[in-house]
Every structure is written in C-alpha cells, then in structure tokens.
There are 2 protein chains.
Amino acid sequence: MKRFSLNQATTKHWPLPDLVAGCVEAGVTGVGLWREDVQAYGVEKAAALVRDAGLAVTSLCRGGFFQQDGWQDENKRAIDEAATLGAPALVLVSGGLPEDSRDIDAARAHVGEAIGTLVPYALDAGVQLAIEPLHPMYASDRCVVSTLGQALDLAGPYPAEAVGVVVDTYHLWWDDAVWELIARAGREQRIACFQVADWVTPLPAGVLLGRGLPGTGCVELRRFREAVDAAGYAGPVEVEVFAEDVWSRPGREVLTETLERYREHVE
Amino acid sequence: MKRFSLNQATTKHWPLPDLVAGCVEAGVTGVGLWREDVQAYGVEKAAALVRDAGLAVTSLCRGGFFQQDGWQDENKRAIDEAATLGAPALVLVSGGLPEDSRDIDAARAHVGEAIGTLVPYALDAGVQLAIEPLHPMYASDRCVVSTLGQALDLAGPYPAEAVGVVVDTYHLWWDDAVWELIARAGREQRIACFQVADWVTPLPAGVLLGRGLPGTGCVELRRFREAVDAAGYAGPVEVEVFAEDVWSRPGREVLTETLERYREHVE
C-alpha cells in the first residue's frame with residue numbers, strides 16, 4: 001500500500017477535499033493530480049490541502065501539447081505548478097500532428113527540441129519532465145510519441161534528473177519490445193512515473209474514455225510492476241483510469257474497489 | 001493505373017457483378033475480394049465472373065483467427081477459395097487473445113505455429129499466406145500481430161513463397177521503424193500485398209469503421225508506395241477502406257473518387 005497512488009483522473013468528479021480526506025481515511029499516501037482540477041481549486045490552496053493531509057503528490061498531469069501556440073509559456077506554468085505542489089514529475093502528453101501536417105517525423109523531432117528548451121527551467125524548479133508515450137491510436141491527434149523507445153530516444157540528450165519517461169501499462173502493453181525497453185529505461189535512470197490501467201474492448205468513440213480498473217482487462221499488470229521494479233524503480237504506482245462508467249460512481253466506492261484490485265492484480 | 005486494385009471492402013454494398021462491371025468500365029484491372037461476399041455469390045461463379053471480365057484477383061481476405069475452434073479446417077477452405085479465385089495471396093488476420101487470457105506472448109507464438117501447420121497446404125495450392133500486422137489498437141480482440149517486425153519474425157521460419165506479409169498504411173503509419181522494416185520485408189521477399197487507407201480521427205466506437213479514402217487523413221501514402229517500390233515490390237496497390245460514410249454512397253461514385261485520390265496521393 002505504501003507505493004499506491006490514486007491518480008485524480010480515476011475519480012474525476014470527486015472534489016479535491018473529499019478525495020484527499022478519502023485517501024487519508026483509506027491509508028493512501030500519494031495522489032497524482034491534474035492541472036485543470038488543481039487550478040480550479042487554486043494551486044497554493046491545493047498544495048496546502050494535500051501537504052497538511054500528509055499526502056505526497058506523485059505527479060502532475062500534464063504539460064506538453066508542443067504544437068499549440070504558447071506551448072513554452074504554458075509548460076513553464078505547468079512546471080511552476082508542479083514545483084508548488086511538490087510533484088517530482090510533470091507528465092508530458094506531447095501532442096499530435098500540427099493541423100494539415102502529415103509529417104510525423106518532423107512532429108516527433110519538434111517534441112525533442114521543445115523539451116530541450118524547457119530543461120533549464122525544469123532543473124531550476126526541481127521538476128522532472130516525464131515524456132509519456134501514448135498508445136499508437138493517439139499518434140495523430142494527441143501524442144506523436146508512441147513507444148517507450150521513442151520516449152527514451154527523445155529524453156536521451158538531456159540529464160535524467162531533467163527528463164524522464166512515464167511507463168503506463170495502458171499505452172504500452174501491446175509492444176513486445178516493452179520489457180527490454182523498461183530495462184533500458186531503468187539502466188538510463190529515466191523512469192519518472194509508473195501508471196496502471198487495464199485494456200478493455202470494445203473501445204468507445206474517440207477512444208479516450210475506455211480504460212479499465214486493474215484486472216478488468218487483458219494486460220499483465222503484475223508483470224509490468226515486476227518489470228519496473230527489476231529495472232530499479234522504487235517509486236509510486238499510480239492507478240489512472242479514464243472511463244465514463246467509473247466516473248459515474250462515487251469516488252469513495254471507486255477508491256475502495258481500486259485498492260482491492262490493486263492488491264490483487266498489481267502489488 | 002495498372003497497379004491499382006479495388007478492395008471490395010471499400011465498396012462493401014456494391015453487388016459483385018456491378019463492382020466487376022464498374023471496374024472494367026473504369027479501366028481497373030484488379031480487385032481484392034472478401035470471403036463472405038464471394039461465398040454468398042458462389043466461389044466458382046465469382047471466379048468465372050471476374051476471370052471473364054479480365055480482372056485479376058489481387059488478394060482474398062481473410063484467413064486467420066487462429067484462436068477460434070476449427071481454425072485449421074477454416075483456413076484450408078480459405079486457401080482453397082483463394083486458389084479457385086486465382087488470388088496469389090490469402091490475407092491473414094491472426095485473431096486476438098483467447099477468451100480470459102492475458103498471455104499475448106503465447107498468443108503470438110500460437111499464430112506462428114498455426115501458420116506453420118498450413119504451409120504445406122498453401123504450397124500445394126500455390127497460395128501465399130500473407131500475415132497482416134494490424135494496428136496495436138486491435139491487439140486484444142482482432143490481431144495479436146501488431147507490427148511489421150512481428151509479422152516478419154513469424155514468417156521467418158517458412159519459405160517466402162508460402163508465407164509473406166501485408167503492408168497496410170492504416171495499420172503501420174505510426175511506427176517509426178516501418179521504413180526499415182519495409183526494406184527488410186523486401187530483402188526477405190515477403191511483401192505479398194500492399195494496401196492503402198488513410199488515418200482519420202476521431203475514431204468511431206469499436207474503431208473498425210473509421211478509415212479514410214486516400215488523402216483524407218494524415219498518412220504519408222506516397223512515401224509508403226515509394227518505400228515498397230524501393231524494396232522491390234512491383235505488385236498491386238489495393239485501396240481498402242472501411243467506413244460507414246463511404247459505404248453509404250453508390251459504389252460507382254466511390255470508385256471514381258478513389259481513383260482520383262489514388263492518382264493524387266499514392267501513384
């Protein structure tokens with residue numbers, strides 16, 4: 001239980017004070033937070049709320065979207081917010097192709113360069129930029145970084161304390177190279193964050209809100225947890241599920257089930 | 001135009017005699033056929049219809065689904081049908097995970113073994129088994145073979161005349177390793193079939209019927225065609241689009257637009 005972290009997205013409609021109280025009551029020690037929710041509550045106020053409750057902020061989602069106007073200022077703000085919250089890692093969802101572009105090579109190269117410009121700022125703030133490879137079904141409209149290998153290659157030029165990667169079971173489970181890539185990520189000391197969700201079908205329209213709680217799908221979740229452990233990762237294990245049917249339930253009930261499933265399928 | 005082939009799935013509701021007449025009228029010389037449509041019309045009758053019209057059958061879709069009971073007999077029937085139609089290649093959609101299984105490694109290994117058992121039968125029939133890697137979003141429920149590299153590795157133990165691979169732009173476009181893998185497929189003389197569809201978002205529920213006609217999406221289609229050419233492939237270029245909005249239109253109109261788009265974006 002001491003590595004479990006509840007990513008706020010799993011209980012999307014649970015107000016932050018209730019989520020914090022529910023975590024404390026359940027013995028949960030870490031939470032992954034989302035910028036829009038934290039901003040709506042107030043960043044300083046959220047930082048105090050979580051700190052006073054004794055919870056660690058295990059990550060902040062999300063920076064990235066390097067194709068959008070103003071990405072540099074927006075990502076600096078995200079880094080500032082992560083620092084204020086005490087989150088060690090800012091998860092980067094790198095964005096899709098620019099409008100009307102078919103040049104995914106150029107888009108991927110741009111992500112690497114964009115991250116490079118943020119490195120000094122991130123180092124100053126003490127926040128690690130965590131490149132998250134997203135499932136290839138998001139490559140055009142959400143994230144051109146599709147594999148753990150690509151994420152590691154993009155991180156490569158920069159110090160590991162500034163740029164790491166996210167290992168998320170939902171995005172990577174299909175890749176038969178992932179076990180070797182997790183070992184590489186460990187050797188390169190790049191694993192900034194480990195997130196867990198299960199793969200369930202059929203996928204919903206838009207393919208964003210179809211993730212499953214641990215054990216409801218087909219991913220070898222424990223194998224992933226053992227692989228990141230074997231790679232030297234000893235950090236938090238965030239359960240992060242986006243699903244309308246999960247979101248429609250009370251936060252406390254979802255947390256209870258998530259913890260049971262975590263123990264059975266991940267721990 | 002002499003390499004263009006209309007895959008029957010693009011004009012799904014166009015009756016076979018009309019499709020054949022429409023292709024002849026448009027100067028199209030090849031068609032890719034589907035088993036269920038051919039069976040409904042009669043295999044021998046379809047073979048005669050297409051042959052008498054002077055059209056080549058460039059592929060038959062599909063064998064595979066090696067997790068289903070009776071896969072061996074079913075695939076032999078598919079090979080027989082391909083031989084009857086004069087199709088050089090039987091496209092294999094290998095199937096997803098067995099029910100309640102999370103062992104994708106085992107499922108992939110089973111695909112290789114299953115194909116191996118069919119090799120003598122395919123060689124006798126003069127039909128090449130064409131392993132199609134499907135997009136990773138289909139890995140659990142439709143096809144555990146997710147990359148061209150996996151398909152080539154599975155084909156590797158068998159003679160190229162018996163087992164090849166399908167290069168389909170829709171399934172492979174996101175993979176930055178695909179250019180090197182196409183070159184490898186060429187060196188190993190495994191490219192059995194080249195299929196073209198474009199990637200468009202948002203994806204529909206179930207993610208099956210959201211493909212785009214050439215040029216409507218974000219895939220570098222001409223780069224793919226040039227890559228298979230550079231790899232030594234000189235065979236047909238099938239346009240294969242699954243999309244409700246395309247299927248709802250008259251076949252002749254879709255063929256006309258497909259040809260225009262093929263010339264502009266592929267040829």
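**Entry 1**

I began with A:Arg35, which counts as buried because its relative accessibility is 7%, under the 20% cut-off. This is a predicted model, so I read every value below as computed from that prediction. I then looked up the salt bridge of A:Arg35 and found A:Glu74 at the other end, with 3.0 Å from N to O. The two sit in distant parts of the chain, 39 residues apart: A:Arg35 belongs to helix 2 (residues 35-41) and A:Glu74 to helix 4 (residues 71-85) of chain A. A:Glu74 has a relative accessible area of 32%, so I noted it as partly exposed.

**Entry 1: Helix 8 and what follows**

Next I went to helix 8 (residues 178-187) of chain A and asked how many of its 10 residues are buried. Seven are, and the helix is mostly covered. I wrote down A:Val178, A:Trp179, A:Leu181, A:Ile182, A:Arg184, A:Ala185 and A:Gly186 as the buried ones. What do these buried residues pack against? I found helix 6 (148-155), strand 6 (163-168), helix 7 (169-172), strand 7 (191-196) and helix 9 (221-230) of chain A.

A:Arg184, one of the buried residues of helix 8, has a salt bridge with A:Glu188 at 2.9 Å, N to O. A:Glu188 is partly exposed, with a relative accessible area of 32%. In chain B I found B:Arg184 and B:Glu188 in a salt bridge, also at 2.9 Å, and B:Glu188 is partly exposed at 31%. While on salt bridges, I noted a network in which shared partners join A:Arg35, A:Glu74, A:Arg77 and A:Glu81. Over all chains the count is 32 salt bridges.

I also checked the backbone after helix 8 of chain A, where A:Gln189 has a positive phi, near 55°.

I looked up A:Ser59 in strand 3 (residues 56-64) of chain A. Is A:Ser59 buried or exposed? A:Ser59 is buried, because its relative accessibility is 0%. Its side chain makes a polar contact with the side chain of A:Glu238 at 2.6 Å. Beyond four places in sequence, I listed its contacts, among them A:Asn7, A:Val31, A:Gly32, A:Ala87, A:Cys193 and A:Gln195.

For context I turned to UniProt, where an unreviewed entry places "domain: Xylose isomerase-like TIM barrel" at residues 23-263 of chain A. In the model that span is 44% helix and 17% strand, and its end C-alpha atoms lie 16 Å apart.

**Entry 2: How the two chains meet**

I superposed chain B on chain A and got a rotation of 180° with 0.0 Å of shift along the axis, at RMSD 0.0 Å. That is the relation of a two-fold axis. In chain B, B:Ala205 has the C-alpha nearest the axis, 1.9 Å from it.

The copies meet through the same surface, because 100% of the interface residues of chain B are also interface residues in chain A. I counted 33 residues from chain B and 33 residues from chain A in the contact. The buried area is about 2,600 Å², and carbon and sulfur atoms give 55% of it.

Finally, I noted 14 residue pairs in polar contact across the interface and two salt bridges between the chains. One of the salt bridges joins B:Arg223 to A:Asp105, with the closest N and O atoms 3.0 Å apart. Helix 5 (residues 104-125) of chain B gives the most to its side of the contact, with three residues.

How values were computed:
Residues numbered from 1 in each chain as written. Chains lettered and ligands numbered in written order. Predicted model: local features only at pLDDT ≥ 70, side-chain atom pairs only at ≥ 80, totals over all residues. Heavy atoms only, no water. UniProt positions renumbered as here; feature names shortened; annotations may be inferred. Helix = DSSP H or I, 4+ residues; strand = E, 2+ residues; numbered from the N terminus. Buried < 20%, exposed > 50% of the residue type's maximum accessible area, 1.4 Å probe, protein only. Polar contact = N/O pair within 3.5 Å; in protein donor to acceptor, adjacent residues only side chain to side chain. Contact = heavy atoms within 4.5 Å. Least-squares fit on C-alpha atoms with pLDDT ≥ 70 in both. Buried area = accessible area lost by both parts, 1.4 Å probe. Salt bridge = Lys/Arg side-chain N within 4 Å of Asp/Glu carboxyl O.
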